[in-house]
Amino acid sequence: MSDWHGSSPRPDDGRGGDGRQDPWAAPGHDGRSAGGPWRSSEPWGQAPAGPQQPAGHDAFPPPYDPYRAGPSVPEAARPEPFGLLPAPGSEPWPPPAPRSRRSPARWIGAGSLVLVLGVVGGVAGGLLQDELSDGSGGTYPGVSLPSPSAGSTQRPAGSVAGIAAAALPSVVALQVQGSQGSGTGSGFVLDAPTDGGSFVLTNNHVVAGAATDGIVVVFQDGRQARGRVVGADSSYDLAVVRVDRTGLRALPFGDSSGVVVGDPVVAVGAPLGLQGTVTEGIVSALNRPVTAGESQDETSYIQAIQTDAAINPGNSGGPLLNAAGEVIGINSAIAALPGAGGQAPTGSIGLGFSIPSEQARRTAEQLIQTGRAVHPVIKVSLDGTYQGQGVRIVDQPGAVTAGGPGDRAGLQPGDVVLAIDGRPVTDPAELIVDIRAREPGETVTLSVRRGGETVDVPVTLEADG
């Protein structure tokens, strides 16, 4: 944005070279009109009285002459405009006063008087300044304002300030260096201490591509330590980093299944590298299906908690906290408006998405124990080109894997899944996200349309691989 100072040029409208018009009236030979301030309808606009013209002459009075005190002054007797000499053969009017010659001494005396006055004025100004400095004018050295009352930095535990004070020491910033460049993200200390080190939970996309020893973990107190990826999973967009520092306070997990729309929440992280940033908002929606990733092999499926707490690039991996200061989500994605003219997308518009804490806790435990996460599946192929109601299984042989959970439950190619556990689905990603949010061994009920009828099909999920 730029500020424009000055006036814009006006179009030429025939009222003058600069487009202006006499504010008094319409143009005449001298730019004035009969509607000017000298109109008879205005109390101050009567033309000066003059001799009446004899009958038979023009009924209008002669033009007003500023040099006329009574009858018009003869043309030749009027003075020329300022700065011009009189016309040849005319005499100046009124006659010039005789000019006297002044002696040089008189000029010197006048100059000396000016100099003396200047000196006196300077002295008087100095005295006035001294008086003001003494407090008799603009300053008052004897005045003092009352000291502020003693303050306190203590805040109630459930306030935003109280939540932030408890959480900030456990929230870290991650500086990542890889072959594709560098970046920053957020994370927090897990409640899983080890001998000689601790674990930090973050997003997979924060540490993906990090070179060996390419992760620096920065703590709230300014200390830094090298981090090493223990395990990562692109499907859940989660990763665990081990850091060689002990004595850290872990953030406790809350129950994300107990979250309801409207609950107050606090997000903590390092947006745009600004470590220790705290924002607040509410839970805007639950079970929001979100898929993210630059390729199909790295797509993340999140049944997200939606929040209007400000989340920006760099917040990824940071905690979303409830009023008790417990982690109910891991901030992972935002919806953003596209930038104008091909520019980068905008920042927070109040649509942020977090991985529920139950999913994050379960996955983090798997990554720490085995280095990988397991994903519940039904082993059927879904038709991404289908445009009707529900989600259709590809109508081809082999679309239902032989011996898999779907095959054992009786699913068939061409079946249309309308709902899972009573929740309607309209897109393949919605069905995948809902299944991935569960655990292997859990049973779900699919409402399936087959031919002209709808049947309920119980399916027991199993782990992939």
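Biologist: Is Val143 buried or exposed?

Modeller: Exposed means over 50% relative accessible area, buried under 20%, partly exposed in between (1.4 Å probe, protein chains only). Val143 is exposed, at a relative accessible area of 59%. This is a predicted model, where local features need pLDDT of at least 70, side-chain atom pairs count only at pLDDT 80 or more, and totals for chains, interfaces and linings use all residues. Residues are numbered from 1 along each chain as its sequence is written, and side-chain values use heavy atoms, leaving out hydrogens and water.

Biologist: Where is Val143 found?

Modeller: Helices are DSSP runs of H or I, at least four residues; strands are runs of E, at least two; both are numbered from the N terminus. Val143 is in the loop between helix H1 (104-136) and helix H2 (160-167). The protein comes to six helices and 19 strands.

Biologist: Which residues touch the most other members of the largest nonpolar core?

Modeller: In soluble globular proteins, nonpolar side chains tend to be buried together. A nonpolar core is a set of buried Ala, Val, Leu, Ile, Met, Phe, Trp, Tyr and Cys residues joined through side-chain atoms within 4.5 Å. Here the largest has 28 residues, and Leu201 and Ile330 touch the most other members. Elements giving it two or more residues include H2, strand S3 (198-202) and helix H4 (357-370). Another core, of 19 residues, lies apart from it; Val391 and Leu446 are among them.

Biologist: What share of the protein is buried?

Modeller: Of its 465 residues, 34% count as buried.
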